[in-house]
Amino acid sequence: MKTDELVVRLSADTAPAPLSRPVPTLLMGLGAGMLVSLVIMAVWLGIRPDLADAIHTASYWMKFFYTALLAAAAFWLTERLSRPGARADRPELGLLALLAAIAVAAAFHLGVAPPGERMHLVVGSSADVCPVRILILSLPVFVCLFWALRNLAPTRLIAAGFAAGLLAGATGAWVYAFHCDESATPFVAVFYTLGIAAVGALGGAAGRFLLRW
Amino acid sequence: MIADETELRAWMMAGMAGDATAYRRLLDALSRHLRAFYSRRLGPALRSDAEDLVQETLIAMHARRGTYDSAQPLTAWVYAIARYKLIDFLRRKRLRQTLPLEEAGAIFAADESESAGARHDVEKLLATLPARSRAVLRSVKLDGLSVAETAAQTGMSESAVKVSVHRAMKNLAAKADGAGDEN
């Protein structure tokens with residue numbers, strides 16, 4: 001078909017455009033995935049028994065806010081990357097600032113600790129399972145977010161997939177924090193971030209193929 | 001005539017509100033922009049692919065016109081979609097690059113892993129020859145052309161080709177011996 005004919009045919013279709021609303025679409029995917037993830041966490045791992053005491057400690061809220069803020073920045077980034085031509089530099093800066101903040105906090109925590117305890121502050125007692133559990137708990141969110149993104153219009157597929165992966169990972173980590181009783185900032189900075197980054201990488205790799213339109 | 005951002009955006013907004021004439025002007029102008037965009041990037045060899053991409057992009061934009069946020073420049077929105085379709089096309093093309101079935105024999109006939117090392121050595125030796133005799137030698141001994149064909153290709157006489165090949169072989173043999181002694 002000639003391009004001129006195509007233009008005529010397309011312009012004849014003046015039906016109102018199916019309105020695309022990235023924020024509600026992504027929020028719906030995020031919410032649905034998070035619910036599934038919370039149920040899986042509660043059934044599979046269980047909520048930590050000392051939660052009532054833990055909420056009085058700073059370390060509990062550190063984990064809570066680190067993962068929640070990371071998710072917020074990743075949501076912002078995903079939303080930007082879900083429509084053509086939107087700028088993404090400010091959410092990127094936000095993500096970097098959060099990573100820098102947790103790194104500084106972890107370094108400070110390590111600096112003031114006696115040398116003999118430092119190793120334990122980093123690896124804690126669940127370093128071997130933490131990133132994998134975060135990855136598993138983030139999968140429902142991952143799937144729902146990709147479904148949501150497929151209804152939007154990302155034009156940088158790897159970047160958009162990576163952002164959605166980070167969002168899924170941070171949400172999975174936030175959910176996992178209801179079970180996890182580690183309290184050291186260095187542990188969170190290393191192993192939470194590792195699990196989240198792994199989901200991000202997975203998203204980048206999948207995005208290239210799953211987000212085409 | 002290439003329309004500018006203000007005009008394109010006005011046509012887009014009118015088109016979204018149901019004005020078919022404005023929308024058609026927009027698509028006309030964009031198809032010219034897109035044709036220039038793709039032709040410049042794909043080159044003359046892929047001219048027909050450029051036209052396909054123009055159409056594909058127009059359809060994609062039309063289908064997802066709801067993703068245009070009127071607070072953003074329209075050209076940025078269009079450019080992002082055009083760039084995505086270009087990258088997608090290049091990726092697909094790379095994945096699709098295959099040989100016709102008739103040539104499959106040439107791939108599977110010989111296991112070249114063993115000769116790869118030898119070939120590497122030959123290339124190294126060849127590189128030490130003067131350009132002219134290297135070309136002749138490659139043509140006769142490696143590419144398997146006849147002396148007459150080589151002569152026709154290079155514009156040399158047949159006897160000159162024979163002499164050149166002979167000298168180059170002697171030259172290489174001496175160098176190969178020398179290289180062997182070093183090891």
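User: Why is the pair B:D69 and A:R83 called a salt bridge?

Analyst: Happy to show you, with the reminder that this is a predicted model. The closest N and O atoms of B:D69 and A:R83 are 3.5 Å apart. The rule asks for a Lys or Arg side-chain nitrogen within 4 Å of an Asp or Glu carboxyl oxygen, so the pair, with its 3.5 Å, qualifies. Across the interface of chain B and chain A, the rule finds 2 salt bridges.

User: Which elements of chain B give two or more residues to the side that touches chain A?

Analyst: They are α2 (20-42), α3 (47-63) and α4 (74-96) of chain B. The largest share, 11 residues, comes from α4(B). By class, this side of chain B has 14 nonpolar, 7 polar and 13 charged residues.

User: What makes up the contact between the two chains, and how much area is buried there?

Analyst: Chain B brings 34 residues and chain A brings 33. About 2,800 Å² is buried between them, and carbon and sulfur atoms give 57% of that. On the chain B side, B:R64, B:Y84 and B:R91 supply 22% of the area buried against chain A, more than any other three residues.

User: What share of chain B is called buried, and by what cut-off?

Analyst: Of the 183 residues in chain B, 33% are buried, which means that their relative accessible area is under 20%.

Methods:
Residues numbered from 1 in each chain as written. Chains lettered and ligands numbered in written order. Predicted model: local features only at pLDDT ≥ 70, side-chain atom pairs only at ≥ 80, totals over all residues. Heavy atoms only, no water. Buried < 20%, exposed > 50% of the residue type's maximum accessible area, 1.4 Å probe, protein only. Contact = heavy atoms within 4.5 Å. Buried area = accessible area lost by both parts, 1.4 Å probe. Helix = DSSP H or I, 4+ residues; strand = E, 2+ residues; numbered from the N terminus. Nonpolar A, V, L, I, M, F, W, Y, C, P; charged D, E, K, R; others polar.
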